Amino acid sequence: MSRKLGQKQPEMINRKFGQLLVLSYDEETSEQKKRAYYLCQCNCGAKKILSGNTLRTGRTKSCGRCQIDRKRLEMIGRRFGRLLVLSYDEEKSNQTR
Ligand SMILES: [Zn+2]
């Protein structure tokens with residue numbers, strides 16, 4: 001059985017790729033881009049539209065945002081010698097970028 005690129009693949013629905021859960025096939029984006037696109041939900045709750053190909057290759061395992069957020073959160077409350085991390089400084093972090 002051969003499939004055309006961009007064809008809906010029902011077996012993709014409800015599958016997990018890293019932190020992403022495939023919610024549904026995105027008809028509109030798939031039409032536009034001539035490939036199969038799916039609406040995915042990340043563990044953090046954010047939704048993202050990704051191509052089936054991107055999901056299968058494992059290049060994208062989360063929405064991308066929460067990875068940064070989690071890194072920030074992991075630091076909070078940690079001790080480094082005599083220093084205790086209290087919070088993330090959004091303003092300064094943006095300046096140095
Ligand atoms: Zn996320």
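Two residues are in contact if their C-beta atoms, placed from the backbone, lie within 7 Å. By that rule Cys63 touches Cys42, Cys44, Ala46 and Lys48, leaving aside residues up to four places away in sequence. The model is predicted: local features need pLDDT of at least 70, side-chain atom pairs count only at pLDDT 80 or more, and totals for chains, interfaces and linings use all residues. Numbering starts from 1 along each chain as its sequence is written.

**Overall form**
- The protein has four helices and six strands, taken as DSSP runs (helices H or I, at least four residues; strands E, at least two) numbered from the N terminus.
- From the N terminus the order is β-β-α-β-β-α-α-β-β-α.
- The radius of gyration, over C-alpha atoms, is 18 Å, well over the 13 Å from the globule rule (2.2 Å times the number of residues to the power 0.38) for 97 residues, so the protein is more spread out than a compact globule.
- The C-alpha trace spans about 65 × 25 × 20 Å along its principal axes.

- Buried means 20 or more other C-beta atoms within 10 Å of a residue's own; exposed means 12 or fewer, partly exposed in between, with C-beta atoms placed from the backbone.
- Of the 97 residues, 12% count as buried.

**Glu31**
- Glu31 is found in helix H1 (residues 27–33).
- Glu31 is exposed because it has 11 other C-beta atoms within 10 Å.
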